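Subject: Structure handover

Hi,

Here is the structure we talked about. Please open it next to this email, and my notes follow below.

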Protein chains: 2
Amino acid sequence: MSPAGGGSGAAGRPKRPTMVDVAREAGVALRTVSRVVNDDPTVGPEYVAKVKAAIAALNFRPDERARQLRTGVTGTIGAAVRRIAEINPALAAIEQTARASGLTLLASSTDFDEARERDILLSMCRQRLDGIIVEPIGENHGYLEAELADGMPVVAMDRPMSGISVDCVMSDNAAGIGMAFHHLHQHGHRRVAYIGDSERVYSGRERAAAFRAALLAHGLPVDGLVHPGEITAERVGAALESVLSGPDPATALITGNTDTTLAVLRRLGPAAASRLGIVGFDEVPLADLLQPALTVVAQDTANIGRTAVELLRARIADPSRPAQRVVVPVAMRVRGSGEVAAPAASAVNAG
Amino acid sequence: MSPAGGGSGAAGRPKRPTMVDVAREAGVALRTVSRVVNDDPTVGPEYVAKVKAAIAALNFRPDERARQLRTGVTGTIGAAVRRIAEINPALAAIEQTARASGLTLLASSTDFDEARERDILLSMCRQRLDGIIVEPIGENHGYLEAELADGMPVVAMDRPMSGISVDCVMSDNAAGIGMAFHHLHQHGHRRVAYIGDSERVYSGRERAAAFRAALLAHGLPVDGLVHPGEITAERVGAALESVLSGPDPATALITGNTDTTLAVLRRLGPAAASRLGIVGFDEVPLADLLQPALTVVAQDTANIGRTAVELLRARIADPSRPAQRVVVPVAMRVRGSGEVAAPAASAVNAG
DNA sequence: CTGAAAGCGCTAACAC
DNA sequence: GTGTTAGCGCTTTCAG
């Protein structure tokens with residue numbers, strides 16, 4: 001009941017009690033306290049009682065850091081993602097899976113900053129976390145080579161890492177873009193444009209390439225329809241200007257990621273999708289409340305997050321196993337914006 | 001260059017090198033290595049060079065855990081929030097402020113689960129984090145009393161903690177509800193209903209009370225207009241049914257938090273706010289893209305997050321300072337849904 | 001300015 | 001079954 005210190009008769013203790021204090025209080029050996037704390041069954045019941053009483057009396061709580069130093073494992077995995085505190089179902093799945101495996105999650109935001117990614121990753125290594133999941137952004141992760149060689153388990157999510165060989169789980173970008181294109185094509189669109197992320201980014205590269213491939217596969221011209229680049233209001237606005245004007249404007253749009261989809265919607269006004277076919281790659285929050293509701297190619301983010309943890313656990317268990325790449329299927333979510341029929345007049349050069 | 005192990009001539013080393021290895025390799029004392037690693041300026045340049053060469057040769061990276069055990073501080077603060085991986089500008093601000101202060105952030109989701117909150121908080125205590133920020137959900141946090149007595153710094157965010165006295169930073173809930181009501185009243189609404197969180201939750205209690213006070217202050221009847229409770233589609237649907245039907249239906253709505261706002265929108269259809277005045281408490285993602293765009297009382301989340309870290313740092317620096325409560329102002333964001341004029345016919349009992 | 005030695009709080013060999 | 005004794009890898013008194 002007293003605010004600080006135990007009630008064992010001695011004067012108030014200035015610092016937190018340790019196992020030594022508990023052992024002395026209980027009149028047993030240090031080793032016995034450790035056993036009781038770790039629920040070792042090979043301790044006599046009377047000792048257990050004495051130790052537990054001493055623990056309660058002193059308000060003792062073991063120091064996890066010391067245990068970690070001694071045992072070598074932290075029971076913690078790190079996640080370096082672009083943004084915590086944003087909607088990120090993969091991160092939610094990572095946290096849940098980790099917790100279910102008895103692992104603590106240490107999540108940090110790289111914030112799309114290569115230097116910060118590096119800081120975070122190296123800090124996690126210095127902390128000797130049991131493993132790391134990373135949504136890579138940097139162009140070169142060679143600085144992790146020594147850590148990998150020393151057995152640090154690392155798994156990449158969404159994109160492979162560059163310069164080093166680690167496990168990776170990612171969406172089937174090519175199939176997703178193909179599905180989006182096919183969907184719009186089915187609804188009569190022959191002039192479909194793509195606006196998406198920069199081709200400096202791996203997924204941007206994959207998605208733009210898949211879009212070009214889709215055009216070619218359908219015997220359609222590629223001219224001026226593919227607009228990868230930075231996701232800024234200006235750049236996206238210019239791309240829209242370009243594809244929606246001229247003699248043969250696009251009647252439908254594929255947006256390469258959530259930020260692009262939102263930039264397009266903000267530029268054209270939310271109702272744009274009632275005139276234009278729009279399919280977004282990746283889910284958009286509140287997509288169901290927009291008018292029209294937004295049709296998207298949704299990533300199986302829960303699966304990605306869960307798989308990332310599973311790959312990491314497998315690597316922790318066997319550091320020498322060969323690096324794997326897992327590709328997770330995507331799925332269309334038909335909601336309205338992708339089902340706008342192409343205007344009849346837009347048949348290409350039908351004169 | 002070799003993938004593992006140092007190039008110092010000896011056979012490959014099986015485990016990670018330690019400071020002892022570096023000292024041997026460099027031919028200096030352990031103490032000197034420690035100094036170089038910690039950038040202690042009182043080391044001769046030639047020694048620095050030798051040590052750095054050895055560090056590079058062995059690929060040595062210090063073990064942060066051992067340092068933490070020895071120094072007693074972890075350089076890490078914990079944040080137990082309802083959800084990481086959801087939009088949470090306060091958490092983003094916490095992370096940014098922490099990073100700017102050289103602190104690592106360990107964020108965990110309590111997931112609205114009292115038992116999980118307890119697990120997370122006690123785990124953070126066992127890890128001897130430098131301090132904890134918590135968005136409390138539990139009804140009783142007495143289990144932290146011993147930790148607080150032992151000097152564990154804790155700051156509550158959004159809601160005060162129950163049963164213990166800790167620093168707290170939160171929004172001015174009463175003023176926010178007052179502003180929302182006043183705004184709708186200005187636009188002619190005399191039948192305004194409130195749907196919000198359960199009064200078991202502190203902020204739900206404050207907001208419902210403030211709403212009742214607003215009605216009374218305007219000389220309006222309270223009958224059937226106040227609907228705090230669980231945020232489920234059913235409960236919110238029933239509340240809507242109740243306030244929108246009958247002889248004197250509400251012409252405007254105040255929704256007590258983001259989840260309630262979305263539940264209302266999903267129930268009534270996104271265009272509901274063109275018929276009904278709606279002001280939401282707390283920001284809604286993509287509020288600007290809805291039609292009509294959503295008027296809300298926005299919390300100063302960045303301020304809240306930053307203040308939480310500052311309160312925590314102050315408490316870490318001086319554990320004996322008295323607990324403070326900081327109330328952060330809120331602000332209206334006028335976007336459309338709150339500016340719908342009341343139908344002329346709705347003057348109360350004007351017969 | 002550098003070197004030897006003692007610990008941070010815990011776990012895990014070993015004996016008893 | 002329990003008790004003694006070394007460490008985990010680092011920082012930090014103390015002497016030189």
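The expected span of a helix is 1.5 Å times one less than its number of residues. Helices (H or I, at least four residues) and strands (E, at least two) are DSSP runs, numbered from the N terminus.

Some ground rules. This is a predicted model: local features need pLDDT of at least 70, side-chain atom pairs count only at pLDDT 80 or more, and totals for chains, interfaces and linings use all residues. Residues are numbered from 1 along each chain as its sequence is written, chains are lettered from A and ligands numbered from 1 in the order in which they are written, and side-chain values use heavy atoms, leaving out hydrogens and water.

**Helix 8 of chain B**

Helix 8 of chain B covers residues 173-186. Its 14 residues should span 20 Å, and its end C-alpha atoms are 20 Å apart, which agrees. Several of its residues are buried, including B:Ile177, B:Ala180, B:Phe181 and B:Leu184. Buried means under 20% relative accessible area, exposed over 50%, partly exposed in between (1.4 Å probe, protein chains only). Just after helix 8 of chain B, B:Gly188 has a positive phi of about 95°.

**A helix pair in chain B**

Look at helix 1 (residues 19-26) and helix 3 (residues 45-58) of chain B. Their axes come within 8 Å and cross at roughly 120°. Axes are lines fitted to C-alpha atoms, for helices over the stretch in contact, and angles run from 0 to 180 degrees between N-to-C directions. The two helices of chain B are therefore oblique to each other. Angles under 35 degrees count as roughly parallel, over 145 as roughly antiparallel, 65 to 115 as roughly perpendicular and the rest as oblique.

Which residues of helix 1 of chain B make the contact (heavy atoms within 4.5 Å) with helix 3 of chain B? They are B:Asp21, B:Val22, B:Glu25 and B:Ala26. From helix 3 of chain B, the partners include B:Lys50, B:Val51 and B:Leu58.

- The peptide bond from A:Gln291 to A:Pro292 is cis, with omega near -5°. A:Pro292 sits in the loop between strand 9 (277-281) and strand 10 (295-299) of chain A.
- B:Gln291 and B:Pro292 are also joined by a cis peptide bond, with omega about -5°.
- A:Asn59 is not a glycine, yet its phi is positive, near 60°. A:Asn59 is partly exposed, at 36% relative accessible area.
- B:Asp39 has a positive phi near 55°. B:Asp39 is exposed, at 61%.

Best wishes

Notes: Contact = heavy atoms within 4.5 Å.
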